[in-house]
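Student: Please put the model up, and I will ask about its strands, its ligand and its backbone.

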Amino acid sequence: MEFTRPRGTRDFLFDEMRQRSEAENTLREVFENYGYGEVKTPLFEELKLFTTKSGEEIIDQLYNFKDKSDRELALRPEVTAAISRLYINEMSKTAKPIKLYYYGSCFRYERPQKGRFRQFWQFGCELIGAKSPEGEGEVISMANESIIKLGITTAEIHINHLGIIRGLFEHFGIDKEKSREVMVVVDKGDKQLLEDALKGDEPIIDNEELADILLVLIDMVGDSSIFEDIKNLVFDYEECRTALDELQELITTLKSFNVLNYNINLGVARGLDYYTGIVFEIYVPELGSQKQVCGGGTYSLIKLFGGEDVVSTGFAFGFDRLMDAIEACGNLPTVKPKVDVYVAPISDDTRQLSYTIAQNLRCENIKTEIDLSRKKFKKLLSYANNLGVRFTVLVGSKDVENNQVTIKNMQTGYQELIDIDNILSYIKENL
Ligand code: HAM
């Protein structure tokens, strides 16, 4: 019988795991430099945590099930809802702002393809209870710095304020249901599709003026100078003005945080329903259709879950896509061999001493392997070669009689007799 991996999941082997750990450490360092602390929430939660406000798209993709006591549960498709629950359960008395970050698996039942999996990893953060736009500016700046430190050189940050489009919906009296339908089409980023949806045979909304504005609006992509054009387009609609002011303030703040390389893009709609203000996405064009490596924005889920009205801002990197992006930019770290020293007992009578030598090296944090399968001499050396170790310590009976071992430099082939007491210092000096 042969078992295969479930569709949309992967196994990771040594080299890939070490590259992933390195990227993980880089992100931890950046996030901690900004004062964020790590938290962990369960892999599964009550189903209703995700059905309350995460948007149709996510709900269709849920891995949900009943446990043996008939509880409705779901594997988490994302972590923001869980963090909002955690805040209400554990942290509502904590002084704000609260800065949390997380790294872990998420699960979405969707059609697997390159860069799109059923189990994938998110590295994300939530800034709870900070005032915008300084909170938003700092969050975007942290995302930007992470990308730079990971060696991703081609990323584009796209920022929008959902208050602009929502202001228009309000002005033209478009109900929630229809607004949502339009947002789903806007999120697809396809102008023809939007034109069909707004002006085709069965338009979602029957309003020529709004349709015309929306069709101009989703094309508005550019650096901060585009702000004037946006203002000209929507300033007359009073309901958009708060959003315009907030966007203007964010632009000023981003400059002070030294983030200059971004686009304002009024077509960014986000697939999740809980955002209320600024939203942003980061794209790496080399990744093709799954180019979005990060998504985030400002939201107020805590109030929705029955807590106080605390505004939060956050984002999550799709960690698997980040790894693809680092590779596409040619900056994956070269993987070093996983051990430095191989201890090779040449005969049965030196085996016990060899174990002690290996232990002494390990105690000093030297990555060491020892023969555990009683290999013959030739095989010992070829195994050491395959491991890629720097040194092999050959423990032979004759040398041991003189309290010595032979240490072979596997790169140069040079070998030397070393006193057993000096093995550690010799290796430390030459490693
Ligand atoms: P999201 O955009 O749904 O946002 O997911 C964040 C990132 O996860 C995406 O940009 C993408 O890189 C990655 N991702 C999503 N689905 C998959 C998949 N099936 N396979 C591989 N990668 C995937 C959120 O989840 C929000 N909770 C982010 C947030 C935090 N907003 C505020 N705080």
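Student: In β6, which residue is the bridge partner of Tyr 103?

Tutor: This is a predicted model, in which local features need pLDDT of at least 70, side-chain atom pairs count only at pLDDT 80 or more, and totals for chains, interfaces and linings use all residues. Residues are numbered from 1 along each chain as its sequence is written, and side-chain values use heavy atoms, with hydrogens and water left out. Strands (DSSP runs of E, at least two residues, numbered from the N terminus) pair if DSSP finds at least two bridges between them. β5 (residues 98-107) and β6 pair in the antiparallel sense over 10 bridges, and the partner of Tyr 103 in β6 is Phe 123.

Student: Which are the edge strands of the open sheet?

Tutor: The sheet has nine strands with mixed pairing, in the order β1-β5-β6-β12-β11-β10-β7-β9-β8. An edge strand pairs on one side only, and here these are β1 (37-38) and β8 (221-222).

Student: Which strand supplies the largest share of the shell around the ligand?

Tutor: The shell holds 26 residues, each with a heavy atom within 4 Å of the ligand. At least two residues each come from β6 (119-128), β11 (292-299) and β12 (312-318). The largest share, six residues, comes from β11.

Student: How far is a polar side-chain atom of Glu 110 from a nitrogen atom of the ligand?

Tutor: A polar contact is a pair of N or O atoms within 3.5 Å. The side chain of Thr 80 has an N or O atom 2.7 Å from a ligand nitrogen, and that of Arg 270 has one 3.0 Å from a ligand oxygen. For Glu 110, the distance to a ligand nitrogen is 2.3 Å.

Student: How much of the ligand's accessible area does the protein cover?

Tutor: Accessible areas come from the Shrake-Rupley method with a 1.4 Å probe. On its own the ligand has 660 Å² of accessible area, and the protein's cover amounts to 96%.

Student: What is the phi of Asp 70?

Tutor: Most residues other than glycine have a negative phi. Asp 70, in the loop between β3 (64-66) and β4 (72-75), has a positive phi, near 70 degrees.

Conventions. A polar contact is a pair of N or O atoms within 3.5 Å; within protein, one must be able to donate a hydrogen and the other to accept it, and residues adjacent in sequence count only if both atoms are side-chain atoms. Helices (H or I, at least four residues) and strands (E, at least two) are DSSP runs, numbered from the N terminus.
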